[in-house]
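User: Hi! Could you walk me through a structure I'm about to look at?
Analyst: Happy to, ask away.

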Amino acid sequence: MINYPDSVEKLMKILKNLPGVGKRGAERYALSMLKWDEDKLIELGELLQNLNSEIGYCPECGALSNANERCAICSSTARDKTILCVVEDFSQLCTIENSDVYRGLYHILGGKISPLDDEFGENLRIAELLERVKNYEVREVIIALGADVEARASAIYIADLLKDFPNLKITQLSQGIPAGANLIYADGATINLALKNRIEV
Ligand SMILES: [Zn+2]
């Protein structure tokens with residue numbers, strides 16, 4: 001067993017928190033970073049130090065964005081602002097966005113209704129969703145929460161609340177997302193198909 005200097009040991013311990021990085025990986029990254037120029041190390045240090053204060057959440061959709069700014073999707077003039085796609089979290093937004101077929105806006109719920117975990121919707125961004133539908137000319141809400149039990153319960157709950165809006169189309173992703181599957185594991189082609197063939201709730 002090699003004994004690394006204390007600071008290298010500490011660096012490896014931190015790197016091991018990253019997904020997919022084990023002991024060997026952390027060792028490789030740490031040793032590689034020791035070869036970096038001083039400038040690059042300082043830049044990384046400063047970036048990490050300011051990370052939390054420089055990022056925020058889009059006041060519209062709830063996606064990660066620069067602090068106190070709307071996200072790039074909500075600010076874009078190229079997006080169809082009359083369609084909202086409701087997703088559970090930012091990683092699901094990324095999955096749909098990476099499939100490169102969807103041109104509307106998103107709404108991040110921030111979780112799912114889960115009675116077993118005492119989550120009945122109070123902590124979710126449901127009021128914000130209703131507010132957006134009310135204040136903007138939204139003509140369709142696509143519920144894209146996946147197909148597990150909690151996702152389905154959340155979809156039913158949200159669809160029920162949205163039914164009060166006249167002329168609003170409420171849809172959900174169609175076939176292709178297997179029951180119990182999480183949306184983030186679906187590939188681009190599957191999402192493309194599920195979006196194109198979305199069905200009215
Ligand atoms: Zn946004």
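User: Is Leu130 buried, exposed or partly exposed?
Analyst: Leu130 is partly exposed, because 15 other C-beta atoms lie within 10 Å. The cut-offs are 20 or more other C-beta atoms within 10 Å for buried, 12 or fewer for exposed, and partly exposed in between, with C-beta atoms placed from the backbone. Leu130 belongs to helix H6; helices here are DSSP runs of H or I with at least four residues, strands are E runs of at least two, and both are numbered from the N terminus.

User: What kind of model is this, and how are residues numbered?
Analyst: This is a predicted model, where local features need pLDDT of at least 70, side-chain atom pairs count only at pLDDT 80 or more, and totals for chains, interfaces and linings use all residues. Residues are numbered from 1 along each chain as its sequence is written.

User: What does Val87 touch?
Analyst: Leaving out residues up to four places away in sequence, Val87 touches Gln92, Leu93, Ile96, Tyr106, Ile108, Leu109, Ala144 and Leu145. Contact means C-beta atoms, placed from the backbone, within 7 Å.

User: Switching topic: how do H1 and H2 cross?
Analyst: The axes of helix H1 (residues 6–15) and helix H2 (residues 23–33) come within 9 Å and cross at roughly 130°. Axes are lines fitted to C-alpha atoms, for helices over the stretch in contact, and angles run from 0 to 180 degrees between N-to-C directions. H1 and H2 are therefore oblique to each other; under 35 degrees is roughly parallel, over 145 roughly antiparallel, 65 to 115 roughly perpendicular, and the rest oblique.

User: Which residues make that contact?
Analyst: H1 contributes Val8, Leu11, Met12 and Leu15, while H2 contributes Ala26, Glu27, Tyr29, Ala30 and Met33. Among the contact residues, 8 are nonpolar, none polar and 1 charged. Ala, Val, Leu, Ile, Met, Phe, Trp, Tyr, Cys and Pro count as nonpolar, Asp, Glu, Lys and Arg as charged, and the others, Gly among them, as polar.

User: And Glu27, is that residue buried, exposed or partly exposed?
Analyst: Glu27 is partly exposed, because 18 other C-beta atoms lie within 10 Å. Glu27 and Lys16 are 9.0 Å apart, C-alpha to C-alpha, and 11 residues apart in sequence.

User: Last one: which phi value does Asp100 have?
Analyst: Asp100 has a positive phi of about 65°, although it is not a glycine. Asp100 sits in the loop between H5 and S4.

Terms used:
Contact = placed C-beta atoms within 7 Å.
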